[in-house]
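Welcome, and thanks for taking a look at this one with me. Here are a few friendly notes on its aromatic rings, to read with the structure open beside you.

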Amino acid sequence: MTALSGAPLGDLVLTGAAPFGGAPVDLVLSAGRIAAVFPAGTAAGPSPVDGRGLVLLPAFVDLHTHLREPGGEDAETIATGTAAAAHGGYSDVFAMANCSPVTDTPERVRHVLDLAERTASCRVHAVGAITEGLAGQRLAPLDELAAAGARMFSDDGRCVDDPVLVRDALAAGLRTGAVVAQHAQCGRLAGEGQINAGPAAERTGLPPWPATGEETVVARDLVLAADAGAALHVCHVSTARTVALVRWAKEQGWPVTAEVTPHHLLLTDAEAASEDTRFKVNPPLRSPADVRALRAALIDGTIDAVATDHAPHTAAAKAADWCGAPFGMTGLETALAVVAEVLHTARGVDWALLAQRMSQAPARIGGISAIAGRPIAVGEPATFTLVDPLARWTVDPADTAGRSHNTPFGGLSFTHRPVATVVDGHVTADRGGLFPGSTR
Ligand SMILES: [Zn+2]
């Protein structure tokens, strides 16, 4: 884990913001912590900051971020990716290992953390590769990666096909306290798939990508996790049958958690059938029935967390034709808006549920509950995000703190938007210009 450099905000009062969308309060902040909480309009103090009309939430935690540095700096850097994270309301991101070189040695874990310490706008947690070079052949030195600071093991981008390696990685997770996160995809079944099998593949004539590629690996891994008694985290669940498997495993008390991406909650394979490469992603956008199952699972807790799978790519790379373009979409700056829309009902947004799925649960899964996803309460760190629930904004791909513009949501309009993020009393993003002296 990394810390943020510089001095925290001086003492001030944040007035009138509504924790979890409930009754507004005045928060007294001092030395990076919440020093006092009063009913709105009753706190007196230096430097009042007007938070009226804003929803106050614990800042978000992203278990699945591709920051691309080292090796992919033309698409993203730790500085730009974490700036995007801060603007999206995040205090913490888990940096996936599929960099160049791959984060598969303790020196490389330390290198990522050192870079982050110097340049990041949020805390960065390193993910260590499960196998050397993500090649799926030999286990990386997982105990050493954990000792160097890796909080999660994952070959994400690739699936660990060999069940013996998954078994051994789970055992290492049990020893070290790191969670094993699998990008579940049977290479034999997924083959050269390019688009969800079914009507989208039929309409476009592109090679079909069957749901079974994901589901068979999840089923196998659930058994391995139960046998090892070790925590398994299923990355980016995308199908209804994967949801059913995870639900059943949880009913057995098996040690599994799961995430879903914002794009799999909102978009379908109908968008992909346009062959606009902004919609090319791995796993692929699925059917409307899958999307309905994912939404229900997020609400009922079968899926524990939202994770962005933020995957920046250069415009040049995405300008290729469908089969030649890389998989992936950006997501850090739009996640809150998408999830709030998905969770929106006639009674409004259930902000407590949203905070569970975007902050508290991912903090727990990543083993960082001591610092993230904390209550809004006296003595707790001043680590929160302020959301404008009436923002009514349209996504402009060029308007990003990140380096790449491959959002699938460009041109779409949303209602909710983060306006400022504070981590341990440091203002890490301040689109609304709320805080004195803030330049972010
Ligand atoms: Zn993945």
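1. Let's begin with what counts as a pair: rings of Phe, Tyr and Trp (its six-membered ring) pair if their centres lie within 6.5 Å. Please keep in mind that this is a predicted model. By that rule, the count comes to 5 aromatic pairs.

2. Start with Phe60 and Tyr90. Their ring centres are 5.6 Å apart and their planes meet at 75°, so this pair is edge-to-face. Phe60 belongs to strand β6 (residues 60–65) and Tyr90 to strand β7 (residues 90–95), so the pair ties together parts that are 30 residues apart in sequence.

3. Next, have a look at Trp393 and Phe414. With ring centres 6.2 Å apart and planes at 40°, the pair is tilted. Trp393 is in strand β19 (residues 393–394) and Phe414 in strand β20 (residues 413–414), so parts 21 residues apart in sequence are tied together by the pair. Both Trp393 and Phe414 are buried.

4. Which residues form one aromatic cluster? They are Trp393, Phe409 and Phe414.

5. Lys280 lies over the face of Phe327, at 4.5 Å from the ring centre.

Terms used
Residues are numbered from 1 along each chain as its sequence is written. This is a predicted model: local features need pLDDT of at least 70, side-chain atom pairs count only at pLDDT 80 or more; totals for chains, interfaces and linings use all residues. Side-chain values use heavy atoms; hydrogens and water are left out. Rings of Phe, Tyr and Trp (its six-membered ring) pair if their centres lie within 6.5 Å; planes under 30 degrees apart count as stacked, over 60 as edge-to-face and the rest as tilted. Helices (H or I, at least four residues) and strands (E, at least two) are DSSP runs, numbered from the N terminus. Buried means under 20% relative accessible area, exposed over 50%, partly exposed in between (1.4 Å probe, protein chains only). A charge sits over a ring if NZ of Lys or CZ of Arg is within 6 Å of the ring centre and within 35 degrees of the ring normal.
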